[in-house]
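Work through the exercises below with the sequence and the model side by side. Try each task before reading its solution.

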Amino acid sequence: MSRGVSGALALIAAGWTLSAQAADLYGSRAPNTLPQSLYRPDSWAGPYLGANLGYAWGSVANNPAKPSGFVGGVQAGYNWQNGGPWVFGLEGDIQATGAEETFAPWKFSNPWFGTIRGRAGYAFNNVLFFGTGGLAFGELRATTFGLTESHTNAGWTLGAGAEVGLAPNWSAKIEYLYVDLANSNFVITGASNGYRFGLIRAGVNYHF
């Protein structure tokens with residue numbers, strides 16, 4: 001037991017000695033270590049710009065088609081954080097998609113969509129958990145017997161996700177969105193069709 005106590009005291013004394021030597025080496029200014037860079041409580045505030053990649057799957061109202069496919073795009077936003085763990089922001093994105101399906105004789109596709117959303121989250125240092133929701137808009141295209149008709153509609157979206165600070169100015173995120181694009185009357189299908197889909201995507205952001 002006495003040997004263990006002596007060893008612990010020796011380690012503590014060695015640590016104090018190294019700390020004093022480091023203070024002498026750097027003066028009154030301590031070195032900027034990696035944890036200090038990654039875990040700043042104010043690191044979420046300000047503008048950011050990024051890109052994302054994901055997968056969407058959904059269904060067409062009043063038609064059996066279930067378009068799905070890969071999704072990719074860019075996003076930009078701004079966060080506010082007043083010294084505490086709560087983070088509020090606005091984000092917009094625009095996406096190109098390969099979501100489509102043919103259910104003879106109709107083919108439906110969603111060539112693109114975008115969202116403008118509010119975000120509200122809680123930050124645990126360099127990890128931010130958030131909910132998001134707002135306006136969605138995009139195109140639903142129908143093709144049958146060589147005829148094509150498309151409508152661009154506005155709807156809504158709701159989702160949640162998490163974002164992690166990886167290094168100064170950089171973060172990575174993963175999120176799920178549910179998107180509802182309102183119905184339109186399609187002449188070539190003789191029905192009111194709209195696209196509703198789920199989306200999971202991962203992305204990176206650069207914070208200015």
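Two strands count as paired if DSSP finds at least two bridges between them. The model used here is predicted.

**Exercise 1. The overall sheet**

Task: Determine how many strands the closed barrel has and in what order they run.

Solution. 
- Step 1: Trace the pairing from strand to strand. The order is β1-β2-β3-β4-β5-β6-β7-β8, and the pairing is antiparallel.
- Step 2: Eight strands make up the closed barrel.
- Step 3: Compare the strand axes. Neighbouring strands of this sheet are turned by 20° against each other on average, with direction ignored.

**Exercise 2. Strand β3 and its two partners**

Task: Describe how β3 pairs with β2 and with β4.

Solution. 
- Step 1: Strands of a sheet pair through backbone hydrogen bonds, parallel or antiparallel.
- Step 2: Take the β2 side. Strand β2 (residues 68–80) is joined to β3 by 11 bridges, and the two run antiparallel.
- Step 3: Look at the turn. Five residues lie between the strands in the β2 and β3 hairpin, and Gly 83 there has a positive phi near 80°.
- Step 4: Take the β4 side. Strand β3 (residues 86–103) pairs with strand β4 (residues 106–124) over 16 bridges, in the antiparallel sense.
- Step 5: Pick out individual bridges. Ile 94 has Gly 114 in β4 as its partner. Thr 102 has Lys 107 in β4.
- Step 6: The hairpin of β3 and β4 has two residues between its strands.

**Exercise 3. The setting of Leu 181**

Task: Is Leu 181 buried or exposed, and what does Leu 181 touch?

Solution. 
- Step 1: Locate the residue. Leu 181 belongs to strand β7 (residues 170–186).
- Step 2: Check accessibility. The relative accessible area of Leu 181 is 2%, so the residue is buried. The cut-off for buried is under 20%.
- Step 3: List contacts, leaving out residues up to four places away in sequence. Among them are Asn 110, Phe 137, Asn 153, Tyr 195 and Phe 197.
- Step 4: Leu 140 is 41 residues away along the chain, and its C-alpha atom is 8.4 Å from that of Leu 181.

**Exercise 4. Aromatic rings**

Task: Find how many aromatic pairs the whole structure holds, then classify two of them.

Solution. 
- Step 1: Count. The search finds 13 aromatic pairs.
- Step 2: Classify Phe 124 and Phe 129. Phe 124 is partly exposed at 48%, and Phe 129 is partly exposed at 45%.
- Step 3: Classify Trp 156 and Tyr 178. This pair is tilted, with 5.6 Å between centres and 50° between planes. Trp 156 lies in strand β6 (residues 147–167) and Tyr 178 in strand β7, so the pair ties together parts 22 residues apart in sequence. Trp 156 is partly exposed at 41%, and Tyr 178 is partly exposed at 28%.
- Step 4: Widen the view. Trp 86, Tyr 122, Phe 124 and Phe 129 form one aromatic cluster.
- Step 5: The charged end of Arg 119 sits over the ring of Phe 130, 4.4 Å from its centre.

Technical notes. Residues are numbered from 1 along each chain as its sequence is written. This is a predicted model: local features need pLDDT of at least 70, side-chain atom pairs count only at pLDDT 80 or more; totals for chains, interfaces and linings use all residues. Side-chain values use heavy atoms; hydrogens and water are left out. Helices (H or I, at least four residues) and strands (E, at least two) are DSSP runs, numbered from the N terminus. Buried means under 20% relative accessible area, exposed over 50%, partly exposed in between (1.4 Å probe, protein chains only). Contact means heavy atoms within 4.5 Å. Axes are lines fitted to C-alpha atoms, for helices over the stretch in contact, and angles run from 0 to 180 degrees between N-to-C directions. Rings of Phe, Tyr and Trp (its six-membered ring) pair if their centres lie within 6.5 Å; planes under 30 degrees apart count as stacked, over 60 as edge-to-face and the rest as tilted. A charge sits over a ring if NZ of Lys or CZ of Arg is within 6 Å of the ring centre and within 35 degrees of the ring normal.
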